[in-house]
Amino acid sequence: MQLGIYTFVDVKADPATGKQMNVPQRIKELMEEIALADQVGLDVFAIGEHHRPDYAISSPEMILAAAAMTTKNIRLSSGVTVLSSDDPVRVFQRFATVDLLSGGRAEIMAGRGSFIESFPLFGYDLKDYDALFSEKLELLIKINESERINWSGKHRAAITTQSGIYPRPYQEKLPIWVAVGGTPESVVRAAKLGLNINIAIIGGQPAHFQPLVKLYRDVAAQSGHPNLEVGIGSHGLVGDTPLQARNDYFGPYGDVMSRIGRERGWGPMTQAQYDALTSPRGALLTGDPQEVIDKILYEHSLFGNTRFLMQMDTGVVPHDKLMRSIELFGTHVAPAVRKALVHT
């Protein structure tokens, strides 16, 4: 199993102090976190795209390109690229450049986006939310497969073989993953297109997602794609003790989930809800290394997933605690998970 980290680079005011994060400092810290993840042997680092004041990164490729020059082994991915409001040609060109800089370590994780700010910002109509993604994803796949294509669609000017699309990546083709939530339509589309999926499990109980993974694999097999990969993405923090990890995470996590909840009509995060999420069958992977190991292996028993990514900075988690969590994840959790799976 590949193990790694994804981040939205939260810069909202620290709920403990009320002080706004310094964006240049947070980006500097992010580069240190990516470097550490590489040093401790994690497999993937993914960065999300947002266009709102509480997140620092609108162009993940810029950070990934910088990281390509300071890391050696870790795969560098978006998490996600909001493909619906971008141009697939430019997305491909930017990630191909990251791939060249990194010697073949770039990936694209495409998604429709859980926030909608990019649609009006770039002149797209939300009524086309799903149609935009479907069309642009199919175009991105075609560009990835061939430097010269003939293509026409509804939401972008046509492309003919007269113009090739460059540069081409270091790898023969860029790995393209699709980020999905809990909708059957999303997994069916990815399965039919032969794309790996990354499922965000950020609430409730992971076991509830088993039917979705089964649907994905069934449709993939029927479509001639029997060997596609499933990744799981979840929130969590690794600490030296269970109590320390839970206490360190509750404030930032509760703040961001309550804040997003207000936007979407949910109630505020309560201690009881948090305790349920951190229980052995809950969605949060927050605890000491052994608890996190146990939960990753439990989820693997449910899904047979080949990748697991953890979002540690859900809210403003202090940099030193993030660095310690990354260290424990890479030096304790990842080796134990890999060893356990070799013997299953």
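Me: What should I know before reading the values?
Reply: The model is predicted, with local features needing pLDDT of at least 70, side-chain atom pairs counting only at pLDDT 80 or more, and totals for chains, interfaces and linings using all residues. Residues are numbered from 1 along each chain as its sequence is written, and side-chain values use heavy atoms, without hydrogens and water.

Me: How are two packed helices described?
Reply: By the angle between their axes and the distance between the axes. Axes are lines fitted to C-alpha atoms, for helices over the stretch in contact, and angles run from 0 to 180 degrees between N-to-C directions. Helices (H or I, at least four residues) are DSSP runs, numbered from the N terminus. Here, helix H3 (residues 88–102) packs against helix H5 (residues 129–145) at about 45 degrees, with the axes 9 Å apart.

Me: Which word describes how H3 and H5 lie to each other?
Reply: Angles under 35 degrees count as roughly parallel, over 145 as roughly antiparallel, 65 to 115 as roughly perpendicular and the rest as oblique. H3 and H5 are therefore oblique to each other.

Me: Which residues in H3 and H5 meet?
Reply: Contact means heavy atoms within 4.5 Å. From H3, Pro88, Val89, Val91 and Phe92 meet Lys136, Leu139, Leu140, Ile143 and Asn144 of H5. By class, that contact of H3 with H5 has seven nonpolar, one polar and one charged residues. Ala, Val, Leu, Ile, Met, Phe, Trp, Tyr, Cys and Pro count as nonpolar, Asp, Glu, Lys and Arg as charged, and the others, Gly among them, as polar.

Me: At what angle do H6 and H7 cross?
Reply: Helix H6 (residues 184–193) and helix H7 (residues 210–222) cross at roughly 30 degrees, and their axes come within 8 Å. That makes H6 roughly parallel to H7.

Me: How many residues has the largest nonpolar core?
Reply: A nonpolar core is a set of buried Ala, Val, Leu, Ile, Met, Phe, Trp, Tyr and Cys residues joined through side-chain atoms within 4.5 Å. Buried means under 20% relative accessible area, exposed over 50%, partly exposed in between (1.4 Å probe, protein chains only). The largest nonpolar core has 102 residues, and Ile199 is among those with the most contacts inside it. Helix H11 (residues 319–342) gives the most to this core, with eight residues.

Me: What is Ile199 in contact with?
Reply: Apart from neighbours within four places in sequence, the contacts of Ile199 include Val180, Phe209, Val213 and Ile232.

Me: Where does Gln271 lie?
Reply: Gln271 lies in helix H9 (residues 271–277). Gln271 counts as partly exposed, at 40% relative accessibility.

Note on methods. Helix = DSSP H or I, 4+ residues; strand = E, 2+ residues; numbered from the N terminus.
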